[in-house]
Amino acid sequence: MNDDDALDRRLREYYRERLPRPFRSPLRPVRRTPSRLSLAASMLIVTVAAWYAATRPIHRPESLSLESGTATVPVPFRR
Amino acid sequence: MADRRAEFDRLFLAHAREAWAVAYARRPDADAAHDIAQEAFLRLWMAWQDGETIRQPRAWLLRVARNLAEDDAKSAFRRNGTRPPDQLAGLADRPVADAVVHAERDAALHSALQQLSAEDRELLALRYALDYDTPNIAALLDTTPAAVLMRLSRARQRLATILGTEP
């Protein structure tokens, strides 16, 4: 291997391991408190989700329904 | 105000790594150099807030980063008595035996680099950390491409000599 190439590679590796990633800007985005509008929108979403969860019909598989008379009952093993 | 912020973000994206490279050439600690680069940009922002007109923000930033790094290197020397080698970077990603060999080679290179002048280190950082080509380095350092090539070649020779004479 060429000595020049080896030194090049060594230098690149040396700096690559040190170069910060990512660079942090000293002026970071300010974390804002939520506006009234976004707060109201969030409340509405939560309320609708809760209402839907409370009122949606519970799914019962027909095969387990007592009224339908179609349930498959396992036959007990007899000697 | 929004324009200023946009201009600041643009400058930061374009030149933060350069500020780090010139700081690292004088204060060979990656995290400290990162802090110094940030501080240089913060000072630019504060200068703008004070209504200062800065005609060449890039050159201004790099000059501030160089000065801050020199001051910080002096105070670090006063605090620690020496500049702690920055050898632990990247070691966690390697197998243990490999990491030991790498740390030794890395420490040797780190130590050799500290024997060069700050100008040599700056040149090497621009070339090898930022992968800048010769015309770009020449523009940044306000010199000619031929001068950059000559200085780079001499800096590499000096580095190779120091590395070659180490046990």
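Modeller: In chain B, α1(B) and α5(B) pack with their axes 8 Å apart and at an angle of about 140 degrees. Axes here are lines fitted to C-alpha atoms, for helices over the stretch in contact, and angles run from 0 to 180 degrees between N-to-C directions. Helices are DSSP runs (H or I, at least four residues), numbered from the N terminus. The crossing of α1(B) with α5(B) is right-handed; a crossing is right-handed if the near helix is turned clockwise from the far one by less than a right angle, and left-handed if anticlockwise. From α1(B), the contact (heavy atoms within 4.5 Å) draws on Arg17(B), Trp20(B), Ala21(B), Val22(B), Ala25(B) and Arg26(B). The α5(B) side consists of Ala118(B), Glu119(B), Arg121(B), Glu122(B), Ala125(B), Leu126(B) and Ala129(B). By class, eight of the residues in this contact are nonpolar, none is polar and five are charged. Ala, Val, Leu, Ile, Met, Phe, Trp, Tyr, Cys and Pro count as nonpolar, Asp, Glu, Lys and Arg as charged, and the others, Gly among them, as polar.

The model is predicted: local features need pLDDT of at least 70 and side-chain atom pairs count only at pLDDT 80 or more, while totals for chains, interfaces and linings use all residues. Residues are numbered from 1 along each chain as its sequence is written, chains are lettered from A and ligands numbered from 1 in the order in which they are written, and side-chain values use heavy atoms, with hydrogens and water left out.

α1(B) also packs against α2(B), at an angle of about 145 degrees and with axes 9 Å apart. This crossing, too, is right-handed. Among the α1(B) residues that meet α2(B) are Phe8(B), Leu11(B), Phe12(B) and Trp20(B), and the α2(B) residues include His34(B), Phe41(B), Trp45(B) and Trp48(B). The contact of α1(B) with α2(B) comprises 16 nonpolar, two polar and three charged residues.

Turning to the neighbouring chain, 37 residues of chain B are in contact with 21 residues of chain A. The two chains bury about 2,800 Å² between them, 61% of it on carbon and sulfur atoms; buried area is the accessible area (1.4 Å probe) lost on putting two parts together, summed over both. His34(B), Tyr128(B) and Arg156(B) supply 22% of the area that chain B buries against chain A, more than any other three residues.

Three salt bridges cross this interface, a salt bridge being a side-chain nitrogen of Lys or Arg within 4 Å of a carboxyl oxygen of Asp or Glu. In one salt bridge, the closest N and O atoms of Arg18(A) and Asp106(B) are 2.6 Å apart. The helices α1, α2, α4, α5 and α7 of chain B each supply at least two residues of the side that touches chain A. Of these, α4(B) gives the most, with eight residues. That side of chain B divides into 21 nonpolar, six polar and 10 charged residues.

Arg12(A) and Asp131(B) also meet in a salt bridge (2.8 Å, N to O). This pair runs from helix α1 of chain A to the loop between α5 and α6 of chain B. Asp131(B) has a positive phi, near 60 degrees. Most residues other than glycine have a negative phi, and most peptide bonds are trans. In chain A, the peptide bond from Arg21(A) to Pro22(A) is cis, with omega near -5 degrees, and Pro22(A) is placed in the loop between α1 and α2 of that chain.
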